[in-house]
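Please look over the sequence and structure shown here before reading on.

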Amino acid sequence: MAVEILNEGNFEEKIKSATKPVIVDFYADWCGPCKMVAPVFEDIAANNSEVQIYKVDVDKASGIASKYGVMNIPTIICFKDGEIHKKQVGAVPKDAILELAK
């Protein structure tokens, strides 16, 4: 499954209605480290059914980024039951991303 990009209109509904951990990559198209981890998120989305992967472009959805305190990118936030479970700032390997959901 491809990574879905969320926006101001669908973010809350997708996070709150999720039945499994949700990992959200807050990114920007111009961000080098964000580009480095993008294939990792695609891989997780395609090969891991235990988590849901979404992305939020901070330039297009600055209200969401502000609400969740995203000051640096990439910022990766794991939500469980609609609430923040864990947060990671910076590009990290696949295992570290998946560890956020535990």
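In this predicted model, leaving aside residues up to four places away in sequence, Phe11 touches Leu6, Val24, Phe26, Val56, Ile64, Tyr68 and Phe79. A second, separate core has 15 residues, including Val3, Phe41, Ala45 and Leu98.

**Largest nonpolar core**

- The largest nonpolar core has 20 residues, and those touching the most other members are Phe11, Ile15, Val24, Phe26, Val56, Ile64 and Phe79.
- At least two residues of this core come from each of α1 (11-17), β2 (22-27), β3 (52-57), α3 (62-67) and β4 (75-80).
- β2 gives the largest share of this core, with four residues.

**The disulfide**

- One disulfide is found when the whole structure is searched.
- A disulfide is a covalent bond that joins the sulfur atoms of two cysteines.
- The disulfide is formed by Cys31 and Cys34, with their sulfur atoms 2.5 Å apart.
- The disulfide of Cys31 and Cys34 is right-handed because the torsion about its S-S bond is about 75 degrees.
- Both Cys31 and Cys34 are buried.

- Cys78 takes part in no disulfide, and the nearest cysteine sulfur, which belongs to Cys34, lies 18 Å away.
- Is Cys78 buried or exposed? Cys78 counts as buried because its relative accessibility is 0%, and buried means under 20%.

Key: Residues are numbered from 1 along each chain as its sequence is written. This is a predicted model: local features need pLDDT of at least 70, side-chain atom pairs count only at pLDDT 80 or more; totals for chains, interfaces and linings use all residues. Side-chain values use heavy atoms; hydrogens and water are left out. A nonpolar core is a set of buried Ala, Val, Leu, Ile, Met, Phe, Trp, Tyr and Cys residues joined through side-chain atoms within 4.5 Å. Buried means under 20% relative accessible area, exposed over 50%, partly exposed in between (1.4 Å probe, protein chains only). Contact means heavy atoms within 4.5 Å. A disulfide is a pair of cysteine sulfur atoms within 2.5 Å.
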